[in-house]
Amino acid sequence: MAPDKSRYEPLPPIPSYDEAIGGGSSRPAFDASSPLDDEDELDHLDRHLDETEGRSLLNTRHPFDSTTTNSNPRARRPGGYRPPTVETDDEDSAWGSDSDDAEAAHVRREMQELEIEDLESDRRSLSSLWGKRMRFSLPQWRWSWRWRLPRFRIQLGQDDGSGEAANTSTGEERPRFALRGISASLLLLLVARVLIILIVLGLVYLLFVSDLFSSMARRMGQQMFDPESVRIHVQSAVDWRRMRETVQHFSSYAHIAGTEGDYALAIDTRNLFLEYGLEDVTVDEYYVYLNYPKEGGRAIEILGPDDKPIWTAKLEEDEVGGETAGRQTYVFHGHSKAGDVKGPLIYANYGSREDFKVLYDSGIDTRGAIALVRYYGKYGDRALKVKAAEEAGFAGCIIYSDPADDGFVNGPTAPNGRYMPADGVQRGAVSLMSWVVGDVLTPGWGSKKGVPRLEKEKSAGLVKIPSLPIAWRDAQVLLQHLKGVGQKVPDGWAGGVPDVGQWFIGNQSSPIVRLKNEQDEEDKQPIWNVYGRIVGIEQSEKRVIIGNHRDSWTFGSSDPHSGTAVMMELARIFGDLVARGWRPLRTIEFMSWDAEEYNLIGSTEYVEQNDQELVRNGLAYINLDTAIYGDKLEAAGSPVFRKLFLSILNRVGDPNYNTTLRDLWDRRESKIETLGAGSDYVAFQDIVGTSSFDLAFGSSAKFPYHSSYENFEWMDRIGDPGFTYHALLGQIVGLMVLELADRPIMPFDMAAYADDLPRWVEELRVWSENKGINQNGNAPFDLRVLRDAADEVAMAIREFEKWQTSWENSVVASSGWEPAGLGKQRAEYNSRMAKFESDLLDSEGVSTGLLDLGGAV
């Protein structure tokens, strides 16, 4: 039967340590101070202790657990009080028995529990959770805080008062979880701590969302790379020896676009990009119309009365490449018309429209004739010469290099000088890039597989008469056969070909000349652009592009591989910086174009294929082509580059003149010219409005352009001995790319653009009055609206530039710190500057080629 739990049993007071050990046993100690003096009371107490001890043996709970079945808080602990023992060195003493050792250990555990509960009681007695002031000085880190979490206990059974464990209805013991009692103060403390943790996590989340850490990481990373140190590194890392090796390798064999030599160099370029550590290296293939000369398929002959040839032009240059270079490129015109025509020979000076008008005004019938014209003159584009001859009624056109323009008359000739030798021939394309740029069969869209294509006869980019280039060695014989035929040439028409005597124009009675041009034509010839990039860390989608074409008519030591050497060297330098941990704010892209010599095909097809992306994210395009052929710095491009370009010239010195390039630039009264239409910047500047810049070290003197004499030996001995100007141009372009890609605010000179707008309007007015619509009694074209618009844009630009001053003041005032919101405004400011020229374009300009497919197949 369960003991009576309702009866109140007063407990004896807990004796002191001295009282407990004073009599040598537990009972006398109790008797000394206990209120239970009579024997009956003591007997009752013994019975109670025995009953309690019996329950303890059956109960699985720890005997010192504060949670008991007895609700009386003063209930005696199971087993009652046991006085601590006194240890002795006497092994035979009764205190040294095993039972006494166990009893001593039990007492020690009980006293430790009492100390813990007293500590908890003291903590619960605190009147305020925050009553104690925390001192945060560094020596006070030894706070006596202890994290206390609720304890979980598993109770397998519940005493039902009969000394047996209570079971579930199935007879199995059922685990039960019980939380140790938690006071309100401790609960409040836990809640407060959880709230603090949540607040801290929320703040950290907001910091990440605000992009503070990424901005901080960028700043911390850039602290390792001081901007001025990076500039010095870029300049000092340019290695002229590596650039010399690049020119030597890339110009070691002929590589016309689409040929095996061209493909081999494309793979070499890709492998070098990978070696230098560029990212996303890609070979981008397009399928375009190209023509190639056939062996024996070209001829220029003077025919006798029986139509048999009495003289045949040699056409080909002397072999200069050697065995390692393979076969030299045949002499021909790219994109020329195939045909076999004959007619009387007529000399037409430089082949301009004005020259053909002179013939017309002189009463010379040019229909069905063969035109003989020379390179250069007022309009240097060979395609325009052929087109003008076509419009004048000629059946074919022959173009030669005259010594007065590009030969011994001006100085020593190649291979020992700068000028074209007697057998040197200038190759080139005669596609009409003033009408159509890029692949002439896919105007306005990328020439990928499966796209529509025009029939060649429907393309506005192809001439309609055959043509061939020749050396002055062959032109000399033709000119000699014109002696005494027709009128003498006007003043200024006679060239420098020797042993001609008096120069005559010729007429329909001139000797009959045959021009044969049989060729291989490929409508879908593969070509290969190669790209590599360094991804920026702030505006990775924004792109600063440096490009140069890879294909060449012959060996191409100057055009294009002086530019190739600069681009590849910069790819190496910037790739090395990335390997050291540096990255620009904006993405830098390196692009090797193919088929530039055929109407700027590679770059144009890329732009047409990616026009919308470039309008959004193209920041700047720097073009390299015929980068080195002299020692005079030349530049052409958008006015937005003016301030940056001139500031860089102050950092670069010319060792041959012992002064800075800026000083030489000012002495020569040089200026940044407007861009023309002769290189890969055309598609970027004119189709998508990406601000473009083209620069080179040139000369007023010519060089053996597009001939087999433009090889590595010529560049090494004549063009740039020591590769001094290759290295200088590498420094200039490297610093430009660095500033455009990594300066927080892009260094665009918008004020220079504002200054040039009124000047351009005035130039247009002068042209319209002298050559344009205001001629021949037409009503004058009023430019006042355009002039007012230019003035309004200039005012808006100056107001726009004020934001940069406010940004600089804000950053300086905060010791170089830029808040995330201000950084976003800066990025938008950069984007608006970059998009300025794109917004000036006709939005339909890119897709005009799609409006009329004509004979598309």
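View 1. pLDDT is the predictor's confidence in each residue, on a scale from 0 to 100. This is a predicted model, so local features are described where pLDDT is at least 70 and side-chain atom pairs count only at pLDDT 80 or more, while totals for chains, interfaces and linings use all residues. Residue numbers start from 1 along each chain as its sequence is written, and side-chain values use heavy atoms, with hydrogens and water left out. The protein chain comes in at an average pLDDT of 82, and 74% of the residues score at least 70. Residues 1-8 have a pLDDT below 50, and this stretch has eight contacts in the model beyond near neighbours in sequence; a contact here means heavy atoms within 4.5 Å. For residues 84-99 pLDDT stays under 50 too, and the model gives them 19 contacts beyond four places in sequence.

**View 2. Helix 14 against helix 21.** Helices are DSSP runs of H or I with at least four residues, strands are E runs of at least two, and both are numbered from the N terminus. Helix 14 (residues 561-579) packs on helix 21 (residues 724-742) at about 50 degrees, their axes 9 Å apart. That angle makes helix 14 oblique to helix 21. Axes are lines fitted to C-alpha atoms, for helices over the stretch in contact, and angles between N-to-C directions run from 0 to 180 degrees. Under 35 degrees counts as roughly parallel, over 145 as roughly antiparallel, 65 to 115 as roughly perpendicular, and the rest as oblique. Helix 14 brings Ser562, Ala565, Val566, Leu570 and Phe574 to the contact, and helix 21 brings residues including His726, Gly730 and Leu738. Sorted by class, the residues of this contact are eight nonpolar, four polar and no charged. Nonpolar covers Ala, Val, Leu, Ile, Met, Phe, Trp, Tyr, Cys and Pro; charged covers Asp, Glu, Lys and Arg; the others, Gly among them, are polar.

**View 3. Helix 14 again, now with helix 7.** The axes of helix 7 (residues 227-237) and helix 14 come within 10 Å and cross at roughly 140 degrees, which makes helix 7 oblique to helix 14. This crossing is right-handed. On the helix 7 side, look for Val230, His233, Val234 and Ala237; they meet Glu569, Arg572, Ile573, Phe574, Asp576 and Leu577 of helix 14. This contact has six nonpolar, one polar and three charged residues.

**View 4. Strand 5 and its two partners.** Strands pair if DSSP finds at least two bridges between them. Strand 5 (residues 279-303) runs antiparallel to strand 13 (residues 512-534) over 18 bridges, with Tyr292 opposite Asp520 in strand 13. Strand 5 also pairs with strand 6 (residues 309-312), antiparallel over three bridges, and there Leu303 sits opposite Pro309. Five residues lie between strands 5 and 6 in this hairpin, and Asp307 in the turn has a positive phi of about 65 degrees. Asp280, found in strand 5, has a positive phi as well, near 50 degrees, despite not being glycine.

**View 5. Two cis prolines in loops.** The Ala414 to Pro415 peptide bond is cis, with omega near 10 degrees. Pro415 is in the loop between helix 12 (403-406) and strand 11 (428-429). The bond from Asp559 to Pro560 is cis too, omega near 15 degrees, and Pro560 belongs to the loop between strand 14 (539-549) and helix 14.

How values were computed: A crossing is left-handed if the near helix is turned anticlockwise from the far one by less than a right angle, and right-handed if clockwise.
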